[in-house]
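I opened the structure and kept short notes on what I looked up. Here they are, in order.

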Amino acid sequence: MSNKVIKDRMGMIITEEDAPEKMEVEATEVKAPAEKDSPVLIYYNWCKKCGICVAFCPTGCLGRKSDGSPYVQAPEKCIHCETCDRLCPDFAITGAKEK
Amino acid sequence: MANIPQKVVHQYLRHDKKFPHVWCAGCSNGIILGAIIRAIASMELDRDNLVMVSGIGCSSRMPVYIDLNTLHTLHGRAIAFATGIKMHKPKMKVIVVTGDGDCTAIGGNHLIHAARRNIDLNVILVNNNIYGMTGGQCSPTTPYGAFATTAPYGNIEPDFDICNLVLGAGASFVARTTAFHVVEMQNYIQAAIEHPGFSMIEVLSACPVIYGRLNKKGGAPQMMKEFRDNSLPVTAVDKLPPDQVEGKIIRGILRKEIRPEYCAAYADLVSRVQVTGGKNDAKI
């Protein structure tokens, strides 16, 4: 892991010291629920993979894919607190309860 | 793009603009724009009675994306243009979004004189400690010793405390919060819009791509965690020993008082002089 070179979107090399959260990506297979069953909706077209929603999810409902984008890893853990909704800089995730 | 959500925030965005927006990954400007939209939506204000004014800078791109009456003006002159709007249409709610360099360096005079005059503007000052859009030059709020592209060996200038500056200039509503405390920010924006008189909210924001990288702050989540762990509400400051308060960001409403508002005073003056024809009052 320590020898791995990761480049960000602008092509700059990121070291572990610069951005440790970018090194903690999960390379395992992703099993996200289908959109209609998911408590959290993610709009990948607008997402810039900054990692804020995953870092501040209080229950660990969200996980990170190997490319850094979020996915719903534990749909039953979502408490609809809307933290991801409010903290997303790109308006790309909504965790509100459907009415 | 088929499934763009129809939540509150998305109803206030201009969908004919290019999304995802222009800000870097992890930039707090989007969070602040979301808080402004939620505040406006929860107050159920008429959109025709709202205007958002901005200058030049990263944060000043906000009016491009929000569907209100908007004005994107000269560098540093956002408050000057907003004063003109408020004087012409005193019933309009004017929100000014500016950055730290825009408002305290280039437009510093407009800020202090609007505060002194107590004209009913709502200034949301997004402080990211650096000139982000132009490549990371040091701004008046870059902390002492921090790095910037024009300060590669560390900044040797002390930084501005913007809230103290505006308090000294006589503003009637001053608050400080950070981009992490979104609900608090939303409440302060609501309180500022309701407040009659000059109100300024300083929002500390994270610039992970330029300021964060130059100063080894980590990514966006690390910078947000720093805001969370390194700030104190103003009500807790008196109860804690001084060594725990030192170096922390003090959040909260620092001043809220009712003082004569400039537009109301001007309308008074006009009606008073019109009655007398200006003959008895003028002392020249």
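This is a predicted model: local features need pLDDT of at least 70, side-chain atom pairs count only at pLDDT 80 or more; totals for chains, interfaces and linings use all residues.

**Around Leu62(A)**

I started at Leu62(A) and listed its contacts, skipping neighbours within four places in sequence: Val40(A), Ile42(A), Cys53(A), Val54(A), Cys57(A), Tyr71(A), Val72(A), Gln73(A), Cys84(A) and Ile93(A).

**Nonpolar cores**

Which residues touch the most other members of the largest nonpolar core? I got Leu62(A), Leu33(B), Ile36(B), Met62(B) and Ile189(B), out of 72 residues in that core. I then looked up what gives the most to this core, and found helix H2 of chain B, residues 29-43, with 10 residues. Another core lies apart from it and has 27 residues, including Ala115(B), Ile119(B), Phe198(B) and Met200(B).

**Asn29(B)**

Next I went to Asn29(B), which sits in helix H2 of chain B. Buried or exposed? Asn29(B) has 2% relative accessibility, and the cut-off for buried is under 20%, so I logged Asn29(B) as buried. Leaving out residues up to four places away in sequence, Asn29(B) touches Trp23(B), Cys58(B), Ser59(B), Met62(B) and Val126(B). Met62(B) had already turned up among the residues that touch the most other members of the largest core.

**Salt bridges**

How many salt bridges does the structure hold over all chains? I have 10 in my notes. The background is simple: side chains of opposite charge can pair when their charged atoms come close.

I checked burial on both sides: Asp90(A) counts as buried at 3% relative accessibility, and Lys48(A) is buried with a relative accessible area of 8%.

In chain B I looked at Glu202(B) and Arg176(B), whose side chains meet in a salt bridge at 3.1 Å, N to O. Glu202(B) belongs to strand E8 (residues 199-204) and Arg176(B) to strand E7 (residues 173-178), so the bridge links parts 26 residues apart in sequence. I found both Glu202(B) and Arg176(B) buried.

Then came Arg251(B) and Glu184(B), with the closest N and O atoms 2.6 Å apart. Arg251(B) is in strand E10 (residues 249-256) of chain B and Glu184(B) in helix H8 (residues 182-194) of chain B, so parts 67 residues apart in sequence are tied together. Arg251(B) counts as buried at 9% relative accessibility. I also traced a network: Asp161(B), Arg176(B) and Glu202(B) are joined by salt bridges that share partners.

**Surface patch**

Which residues form a nonpolar patch on the surface? I listed Tyr266(B), Leu269(B), Val270(B) and Val273(B), with about 300 Å² of accessible area together. At 37% relative accessibility, Leu269(B) counts as partly exposed.

**Thr73(B)**

My last stop was Thr73(B), in the loop between strand E2 (69-72) and helix H4 (78-88) of chain B. I have Thr73(B) down as buried, at 7% relative accessibility. Not counting residues up to four places away in sequence, Thr73(B) touches Val53(B), Ser54(B), Gly55(B), Ile56(B), Ala78(B) and Phe81(B).

Technical notes:
Residues are numbered from 1 along each chain as its sequence is written. Chains are lettered from A and ligands numbered from 1 in the order in which they are written. Side-chain values use heavy atoms; hydrogens and water are left out. A nonpolar core is a set of buried Ala, Val, Leu, Ile, Met, Phe, Trp, Tyr and Cys residues joined through side-chain atoms within 4.5 Å. Buried means under 20% relative accessible area, exposed over 50%, partly exposed in between (1.4 Å probe, protein chains only). Helices (H or I, at least four residues) and strands (E, at least two) are DSSP runs, numbered from the N terminus. Contact means heavy atoms within 4.5 Å. A salt bridge is a side-chain nitrogen of Lys or Arg within 4 Å of a carboxyl oxygen of Asp or Glu. Patches are made of residues with over 30% relative accessible area and no salt bridge: like charges are joined within 9 Å, nonpolar side chains (Val, Leu, Ile, Met, Phe, Trp, Tyr) within 5 Å. Accessible areas come from the Shrake-Rupley method with a 1.4 Å probe; for residues, only the protein chains shown count as cover.
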